[in-house]
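Subject: Handover of a structure and notes on its features

Dear colleague,

Please find below the structure that I am handing over to you. I would ask you to keep it open while you read the notes that follow.

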Amino acid sequence: MGNITLKELAKMLGLSVSSVSKALNDSHEISVETKRKVQELASAHNYRPNMFGKSLKTGRTNTVAIIIPYLANPFQAQILEGAHQAAYSNNYKLIFMQSREDADKEIELLQSLLSQNIDGILISPSANTSVEFLQEVHQEVPIVLIDRIDFDLETHKIGVDNERGAFAATQHLIDMGREHILVLNGKDLGVTQKRTAGHKNALLANQIHFSEDNIIEVDYQLSRQDLVHSLREMLQEKLSKVDTPIGILGNTDILTLSTLAILSEMEIRVPEEAAVIGFSNTEAADSLNPALSTVVQPALEMGKLGIEKLVELINGKNRFQTVMTTTKLDPMLVFRKSTTAQPASS
């Protein structure tokens with residue numbers, strides 16, 4: 001059976017087409033009781049608005065886009081899923097693209113979206129993004145920042161409390177008896193500074209000296225193979241100079257997961273000699289050997305909220321007068337065998 005039309009809904013309710021349309025759009029001109037009746041009947045008959053006709057009237061395409069660094073990254077894939085769910089719920093089509101941490105590629109993607117008359121863009125900027133170009137695009141179509149939000153753009157921003165997550169992860173390693181802790185960072189990534197600050201604050205709170213020598217920075221512009229090779233060399237160098245047991249905090253999915261494999265190759269026992277915890281949203285964390293302790297970020301919620309904020313800007317009468325907000329969601333720590341000799345009790 002095809003979807004019921006607005007005209008058919010109006011006839012069934014004994015209302016004008018205009019009144020039904022206003023009720024579905026939650027207009028203040030329509031009573032609460034009438035809105036309820038219209039919305040219940042529309043839901044019962046699986047009514048969906050004619051977006052093509054609506055776009056002709058509004059000049060909109062009812063299409064939004066999301067640009068993330070890597071579609072295959074578990075965390076970013078979950079952001080994408082949340083964004084897709086919210087876009088569908090708000091009757092928007094969603095275009096998704098990946099920048100691969102390339103600022104020039106990112107500009108090409110943004111230019112392409114502008115040429116398609118996109119209604120709005122949700123973006124997790126690349127490490128070396130051109131803020132100036134983002135500002136230019138934002139004058140044409142609304143942009144909302146997600147995940148990597150420490151950029152000078154006057155818009156809604158939705159991220160995670162990275163400093164809090166790194167503090168808690170470091171505190172856990174200290175509680176496990178590890179005072180010598182290596183930190184693995186992606187060089188120049190937007191989240192690096194906050195996570196390093198959280199780690200440092202946890203050390204200071206426990207009267208443990210912070211040393212820059214314990215920070216390992218890996219170039220994310222490298223291919224995956226070269227990135228892992230670079231990480232292996234730096235880990236081997238650092239571990240040759242310190243006594244175990246140590247702690248390791250991985251600040252990205254790739255670095256944390258790669259570290260477990262490298263430690264296995266080096267025949268370094270986890271967690272006995274090296275306790276490992278990392279920011280990682282992979283669903284396989286519990287299946288790794290050993291199971292990986294993680295700082296889990298609310299990626300799905302982030303994607304949903306990002307689209308909702310974007311839709312607010314699209315529908316606003318004057319988005320340049322909108323009070324923009326920055327939302328930092330709380331991460332959740334899950335302790336597993338990579339930091340504890342026994343699995344954490346539930």
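Helices (H or I, at least four residues) and strands (E, at least two) are DSSP runs, numbered from the N terminus. This is a predicted model, in which local features need pLDDT of at least 70 and side-chain atom pairs count only at pLDDT 80 or more, while totals for chains, interfaces and linings use all residues. Residues are numbered from 1 along each chain as its sequence is written, and side-chain values use heavy atoms, with hydrogens and water left out.

Overall picture

The protein has 12 helices and 12 strands. Its C-alpha trace spans about 80 × 45 × 35 Å along the principal axes. Of the 346 residues in the protein, 49% are buried. Here, buried means under 20% relative accessible area, exposed means over 50%, and partly exposed lies in between (1.4 Å probe, protein chains only).

Asn 73 is placed in the loop between β1 (63-68) and α5 (74-89). Because its relative accessibility is 13%, Asn 73 counts as buried. A polar atom of the Asn 73 side chain lies 3.1 Å from the backbone nitrogen of Gln 76. A polar contact is a pair of N or O atoms within 3.5 Å; within protein, one must be able to donate a hydrogen and the other to accept it, and residues adjacent in sequence count only if both atoms are side-chain atoms.

Gly 159 belongs to strand β5 (residues 157-160). Its relative accessibility is 0%, so Gly 159 counts as buried. From C-alpha to C-alpha, Gly 159 and Val 144 are 11 Å apart in space, and they are 15 residues apart in sequence.

Salt bridges

How many salt bridges does a search of the whole structure find? The search finds 8, where a salt bridge is a side-chain nitrogen of Lys or Arg within 4 Å of a carboxyl oxygen of Asp or Glu.

One of them joins the side chains of Asp 330 and Arg 164 (3.0 Å, N to O). Asp 330 lies in the loop between β11 (326-329) and β12 (332-334) and Arg 164 in helix α8 (residues 162-175), so this pair ties together parts that are 166 residues apart in sequence. Asp 330 counts as partly exposed at 45% relative accessibility, and Arg 164 is partly exposed with a relative accessible area of 49%.

A salt bridge also joins the side chains of Glu 237 and Lys 241 (3.4 Å, N to O). Glu 237 is partly exposed at 44% relative accessibility, whereas Lys 241 is exposed at 63%.

The side chains of Asp 286 and Arg 336 meet in a salt bridge as well (3.4 Å, N to O). This pair links distant parts of the chain, 50 residues apart: Asp 286 is in the loop between β9 (274-279) and β10 (293-296), and Arg 336 is in the segment after β12. Asp 286 counts as exposed at 53% relative accessibility, but Arg 336 is buried, with a relative accessible area of 16%.

Backbone features

Most residues other than glycine have a negative phi, and most peptide bonds are trans. Asn 62, which is not a glycine, has a positive phi of about 50°. Asn 62 is in the loop between α4 (51-58) and β1 and counts as buried at 4% relative accessibility. Asn 117 also has a positive phi, near 55°. Asn 117 lies in the loop between α6 (103-115) and β3 (120-123) and is exposed, with a relative accessible area of 53%.

Which peptide bonds are cis? The bond from Val 270 to Pro 271 is cis, with omega near 5°, and Pro 271 is found in the loop between α11 (253-265) and β9. The bond from Asn 289 to Pro 290 is cis, with omega near 0°, and Pro 290 is found in the loop between β9 and β10.

Yours sincerely
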